[in-house]
Amino acid sequence: MTRRPETLLVMARDTMELQFGPAELARLRATARLGEPLCTDELASDPVRARLAEVEVLITSWGCPPLDDAVLRAAPHLRAVLHAAGSVRDHVGAAVFDRGLLVTTAADANAEPVAQYTLGAILWAFKKVPFLAADARLSREDWGYREQRGELSGRDRTVVLVGFSRVGRRVAALLRLLDLARVLVVDPVADPGEIRAAGAEPASLAEALPQADVLSLHAPSLPETRHMIGAAELAALPPGAVLINTARGALVDTAALELACAADGLHAVLDVTEPEPLPAGSPLYDLPNVVLTPHIAGSLGSETRRMSAEALGELERYAAGLPPRAPVTRHSLAVQA
């Protein structure tokens, strides 16, 4: 029998307005019991603490404060934290798992636009489209610059994906559909059989880098992955290679990247950087072989409603006593974004 659990939205106000329109709120009201406030971006005030004392489910998103011991003590009936965005790392920690709470994520929905952005970047990288566009502004009617960016072919190329993550798997699948490139996957914790079943080949980073026409990063930001792409790794790439980063800026040593790109042998498409945004004096802003976008690969605008739908689906499953579709565990959080 389906219950209607007491539920509170915890996220920034503008996030709530973006992700929960009339259709989403109607679906929420049909599934859960709601009170006042319906949504909060803080968990310390008396009115919110009164709500926490009653709630069984939190639906969280961007702007949710950390769910620390004090918050959890104020929420004795809390049983589930359903995240309507990607990573839960900023607000879910050991205290949540120690309490045995159910945690879910909408990261699968968020992976879709990231994979689409990445595919577009890879296809343009094959022909160096954004870099030649920058050259055109300088060279104008002299097309001699076309020969200065290396191979401009979309066939028989090698794409290296670092991380067989939600996004990495989707990118591999999209490339397989197009049958354009050989795909190597670097991921020490992924099952080699699953990589091969996706039409890719498992490889070590040292094996893959010298073969990479395109190096696309899809690993989580963990202590062991910080600056995994540094000076030595960038030097191992062949001339004219393109680095694409839609994952986390901390995966790349920014100082080493600045030097490698300034030498003009490496191209880069960076949707994420360290720091973010880059300081105004960064040479990466002025290099024609570098494309910078302001962290737009993930869900924005109407795309965010897919994540709301995932969280509401998890709420409906929870209310009906069904298992979650996308649970987050202590172990999975240790190896994922």
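**Close-up views of a predicted model**

**View 1. Thr105 in the loop between β5 and α6.** Thr105 is placed in the loop that joins β5 to α6. The structure shown is a predicted model. Thr105 has a relative accessibility of 6% and therefore counts as buried, the limit for that term being under 20%. A polar atom of the Thr105 side chain lies 2.6 Å from the backbone oxygen of Gly86. Leaving aside residues up to four places away in sequence, the residues touched by Thr105 are His83, Ala85, Gly86, Arg166, Ala326 and Val328.

**View 2. The open sheet of five strands.** The strands follow the order β2-β1-β3-β4-β5, and their pairing is parallel. Because β2 (39-40) and β5 stand at the edges, each with a single partner strand, one side of each is left without a neighbour in the sheet. In general, the strands of a sheet pair through backbone hydrogen bonds, in either a parallel or an antiparallel manner.

**View 3. Strand β4 and its two partners.** Strand β4 comprises residues 80-83, and both of its faces are covered. Ala80 and Leu82 are buried on one side, while Val81 and His83 are buried on the other. Such an arrangement may be read with a general rule in mind: side chains in a regular strand alternate between the two faces of the sheet. Four bridges in the parallel sense link β4 to strand β3 (residues 57-60), and Ile59 stands opposite Leu82 of β4. Strand β5 (residues 102-104) also pairs with β4 in the parallel sense, over three bridges. Within β5, Leu102 is the bridge partner of Ala80.

**View 4. Helix α7 and its cover.** Helix α7 spans residues 129-139, and its buried residues are Pro130, Phe131, Leu132 and Asp135. The elements that cover these buried residues include helix α6 together with the strands β10 (242-245), β11 (267-270) and β12 (290-292). Following α7 is Arg140, which has a positive phi near 55 degrees.

**View 5. A nonpolar patch on the surface.** The patch is formed by Leu123, Trp124 and Leu178, which together have about 290 Å² of accessible area. Of these residues, Trp124 is found in helix α6, which runs over residues 107-126. Helix α6 is also among the elements that cover the buried residues of α7.

Technical notes:
Residues are numbered from 1 along each chain as its sequence is written. This is a predicted model: local features need pLDDT of at least 70, side-chain atom pairs count only at pLDDT 80 or more; totals for chains, interfaces and linings use all residues. Side-chain values use heavy atoms; hydrogens and water are left out. Patches are made of residues with over 30% relative accessible area and no salt bridge: like charges are joined within 9 Å, nonpolar side chains (Val, Leu, Ile, Met, Phe, Trp, Tyr) within 5 Å. Accessible areas come from the Shrake-Rupley method with a 1.4 Å probe; for residues, only the protein chains shown count as cover. A salt bridge is a side-chain nitrogen of Lys or Arg within 4 Å of a carboxyl oxygen of Asp or Glu. Helices (H or I, at least four residues) and strands (E, at least two) are DSSP runs, numbered from the N terminus. Buried means under 20% relative accessible area, exposed over 50%, partly exposed in between (1.4 Å probe, protein chains only). Contact means heavy atoms within 4.5 Å. Two strands pair if DSSP finds at least two bridges between them. A polar contact is a pair of N or O atoms within 3.5 Å; within protein, one must be able to donate a hydrogen and the other to accept it, and residues adjacent in sequence count only if both atoms are side-chain atoms.
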